[in-house]
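Hi,

Here is the structure I promised to pass on.

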Amino acid sequence: MYTARIKFKREADIRYISHLDMQRMVQRILRRAEVPMKYSEGFNPHPKLAFAMAMGVGLTSDCEYVDVELMESIDPVLLVGSMNESAPKGFAALKAIVTEEKLPSLTSLIEESVYQVTCLLNASGEVERLSDQLKSILDSESIVYRKRNKKGKWSDKEIRPLIKELSASTEGLTVNIIARLATGSKENLRPEVVLDKIDPEKSLFDQEHGCVYHRLFLGKVNGEELI
């Protein structure tokens, strides 16, 4: 058995599709590209794919991964090219490896993400308040996030250790926030939670236009990619 590990990007044209629809779309791309996928057994056979992380609706990304089990080997360059020829606008395969060796699961390898969050300030005078909010977060020894679980019960989670880096740059009223956050099966922090801590009163950023979330990196610590 062979495994193809593929890195791909998701652009604005497909940012609003769900993770389930994303899975279906990748399956269609692989079928159209005539990739020799391995299928599960049983009454409803389906391609054996494993994604690194579920992507939230509205998120774009430069760095996503999927593992595909294959019936036979295929040249990685041809794989990437044939996928891109078969893909809709907004999806692009970036690179791939194909191996007969058993690879560790993607979920076991992921440790952090880097996000760029683009927002509009309500007023130019809010730049100083933004700077103060970021400094307050970075200087804090403890930051607790309260969330409701699926059963409706509230629980508190300590998130300060999950915020690895946090910075911002401004141009006019536009703010680009860069956040390096713990990500994966052990610890995971969504950028929306960090933004809630930056602007808890929803008065710093323009709520009408909202913020745009983009993942710049997904992989191991210190910027090590999975391919």
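Predicted model: local features only at pLDDT ≥ 70, side-chain atom pairs only at ≥ 80, totals over all residues.

Residues are numbered from 1 along each chain as its sequence is written, and side-chain values use heavy atoms, with hydrogens and water left out.

Twelve residues from domain 1 and eleven residues from domain 2 make the contact (contact means heavy atoms within 4.5 Å). The size of an interface is often given as the accessible area lost when the parts come together. Here domain 1 and domain 2 bury about 890 Å² between them, with 53% of it on carbon and sulfur atoms. That area is what two parts lose on being put together, found with a 1.4 Å probe and summed over both. Which residues of domain 1 lose the most area to domain 2? They are Met53, Leu59 and Cys63, together 48% of what that side buries.

**Salt bridges**

Side chains of opposite charge can pair when their charged atoms come close. A salt bridge here is a side-chain nitrogen of Lys or Arg within 4 Å of a carboxyl oxygen of Asp or Glu. The structure holds 16 of these salt bridges, and the count between domain 1 and domain 2 is one.

Let's start with Arg5 and Asp67, whose closest N and O atoms are 2.7 Å apart. Arg5 is in strand β1 (residues 2-10) and Asp67 in strand β3 (residues 60-70), so you'll find this pair linking distant parts of the chain, 62 residues apart. Helices (H or I, at least four residues) and strands (E, at least two) are DSSP runs, numbered from the N terminus. Both Arg5 and Asp67 are buried, which means under 20% relative accessible area; exposed is over 50%, and partly exposed is in between (1.4 Å probe, protein chains only).

Next, Glu64 forms a salt bridge with Arg215, with 2.8 Å between the closest N and O atoms. Glu64 counts as buried at 2% relative accessibility, and Arg215 counts as buried at 2% too.

Then there is Glu112 with Arg180, again a salt bridge, its closest N and O atoms 2.7 Å apart. Glu112 lies in strand β5 (residues 112-120) and Arg180 in strand β9, so the pair ties together parts that are 68 residues apart in sequence. Both Glu112 and Arg180 are buried. Lys7, Lys95 and Glu225 are linked in a network of salt bridges.

**Helix α4**

Helix α4 (residues 127-139) has 13 residues and reaches 18 Å from its first C-alpha to its last, close to the expected 18 Å (1.5 Å times one less than its number of residues). Its buried residues are Leu130, Leu134 and Ile137. Looking down the axis of α4, these fall within an arc of 60 degrees, so they line one face of the helix; the arc is that of the directions from the helix axis to the C-beta atoms. What covers them includes β8 (163-171), β9 (174-182) and α5 (191-198). On the face turned away from the buried side of α4 you'll find the exposed residues Glu128, Lys135 and Asp139.

Cheers
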